[in-house]
Amino acid sequence: MDRALREELQSLRARDLYRELRWVEGAQGPTVRWRGREVILLAGNNYLGLADHPRVKEAAARAAREFGTSASASRLISGSMELHRALEEKLARFKGTEEALVFGSGYLANLGLIGALVGPGDAVFSDALNHASIVDGCRLSRAEVRVFPHKDLGALEEALEGARASRRKLIAVDGLFSMDGDLAPLDRLVPLARRQGAWLVVDEAHATGCLGPGGRGAAAHFGVAAEVEVLMGTLGKALGAYGAFVCGSKTLVEYLVNRARSFIFSTALPPPVLAAAIAALEVIEEEPERLAALRGNADYFREGLASLGLNFLGSLSQILPILVGRAPDALAMASELLDAGVFLLAIRPPTVPEGTSRLRASVMATHSRAHLDRALEAIGKAARKVGLGGGALRA
Ligand SMILES: *Cc1c(COP(=O)(O)O)cnc(C)c1O
């Protein structure tokens, strides 16, 4: 077996598509320690700095002492604990829905909910840049999968019209796309779905805590949260914990409890994680200055990239891609930046389309302006080495 696997790995290396783990030391802050050196972290999703917030950490520690470290069974066996209920009530209030249901992770939530809502004979419509967990959820559902070009609502509407005979039609999109940092046009997508009799799932993994009033997400940003049937989001990014949720009607939650296999057949989230997420939601409500700092830093960094002449694909969010083009150039830049004390990742195919390899920078509320200035300077230098920037915007 190893020989066959090594051959495949070798071919990944030859195509500059090989991936390896990097071990960071210490907690996930605005900087992390890497090989004993402090580096500015622009690769994580701890957007509000809650993964290392004293109150969030204390809540997790206290929950471990009071409730133990594990739920030890799935929710439908004996794993439903009072903290699950407390978190679900809090999430439903935060998102303004009737109810919420917590899942083990975002990956599990998308697998479970898509497979529960559609099946053979149904059709699911998925944006070409959706997260892999939506892609896999669509595949696993065994519904007919129709991938539409990124944010192309004309193509989506055409595909929906062609599928009118189907029993159920489900549209799934990222609210805030994880690799491009742009938003799904939910203001136009919601009426389209309504018109076509389709249900809508919005994945708010990167939007929760970051977009919309009070960080309520992309659907709230567009003022359409009440009209989206399924609001999914995660606890492991801005909320500084782990796991995921689905917010929607009481009936939706009741249905998922009965039908979502990744909910039914997986151990419930453990108490420290639940308590951390609850505390994080409290901090978000009580410290709105965190969200303001995130937005201020994102604006500052975006302006910095623009003045370096770099193409950030028009992103208006805290996720700022830096388009490089060729995978080897993106890798060379990422490696040089790490040497210069800036940790961001080269994103290559198959995660993004061929020829659009990029660096993905994600800004945090807890970065100082000095962090961002240092990062911008290093990025400018690395970009010039591969012939990017300096005013020459590339499409
Ligand atoms: C991270 C992410 C997920 C997966 O969530 P996990 O909790 O990490 O499994 C799902 N959807 C999107 C858009 C994501 O960015």
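**Pockets, ligand and cavities in a predicted model**

Four elements, β2 (31-34), α6 (132-141), α14 (327-339) and β13 (345-347), each give at least two residues to the lining of the largest pocket. Helices (H or I, at least four residues) and strands (E, at least two) are DSSP runs, numbered from the N terminus. A pocket is found on a 1 Å grid over the protein atoms alone: an open set of points with protein on both sides within 12 Å along at least five of seven lines, whose lining residues have an atom within 4 Å of a point. A cavity, on that grid, is a set of points where a 1.4 Å probe fits but cannot get out.

This is a predicted model, in which local features need pLDDT of at least 70, side-chain atom pairs count only at pLDDT 80 or more, and totals for chains, interfaces and linings use all residues. Residues are numbered from 1 along each chain as its sequence is written, and side-chain values use heavy atoms, with hydrogens and water left out.

Stay with the largest pocket. Its volume is about 1600 Å³. Volume here is the space filled by probe spheres set on the grid points, which are joined across faces, edges and corners. The lining counts 46 residues, and R19, A43, L345, A346 and I347 lie nearest the centre. α14 provides the largest share, 5 residues. By class, the lining holds 25 nonpolar, 12 polar and 9 charged residues. For these classes, Ala, Val, Leu, Ile, Met, Phe, Trp, Tyr, Cys and Pro count as nonpolar, Asp, Glu, Lys and Arg as charged, and the others, Gly among them, as polar.

The second largest pocket has about 350 Å³ of space. Its lining has 19 residues, with R75, R85, E88, E99 and A100 nearest the centre. α3 (75-79), α4 (82-95), β4 (99-103) and α10 (250-259) each supply at least two of the lining residues. α4 gives the most, 6 residues. The classes split into 8 nonpolar, 2 polar and 9 charged.

Now turn to the ligand. It is surrounded by 14 residues, the closest being G106, Y107, D203, H206 and K237. A residue counts as near if one of its heavy atoms lies within 4 Å of the molecule. Helix α5 (residues 106-117) contributes the largest share of this shell, 3 residues. The shell divides into 2 nonpolar, 9 polar and 3 charged residues.

A polar backbone atom of Y107 sits 2.9 Å from an oxygen atom of the ligand. D203 places a polar side-chain atom 2.5 Å from a ligand nitrogen atom. In the side chain of K237, an N or O atom is 2.6 Å from an oxygen atom of the ligand. The ligand taken alone exposes 380 Å², and the protein buries 85% of that. These accessible areas come from the Shrake-Rupley method with a 1.4 Å probe.

The structure holds 3 cavities of 30 Å³ or more. About 70 Å³ of space lies in the largest cavity. Among the residues that line it are R75, H84, V102, F103, G104, S262 and F263. β4 and α11 (261-264) are the elements that give two or more residues to this lining. Its classes are 5 nonpolar, 5 polar and 1 charged.

Charge pairs follow. Across the whole structure there are 16 salt bridges, each a side-chain nitrogen of Lys or Arg within 4 Å of a carboxyl oxygen of Asp or Glu. One joins R55 and E282, with the closest N and O atoms 3.2 Å apart. This pair links distant parts of the chain: R55 is in helix α2 (residues 54-67) and E282 in helix α12 (residues 271-286), 227 residues apart.

Two backbone details remain. The peptide bond from P349 to P350 is cis, with omega near 10°. P350 lies in the loop between β13 and β14 (357-362). R142 is not a glycine, yet has a positive phi of about 65°. R142 belongs to the loop between α6 and β6 (144-148).

Technical notes: Polar contact = N/O pair within 3.5 Å; in protein donor to acceptor, adjacent residues only side chain to side chain.
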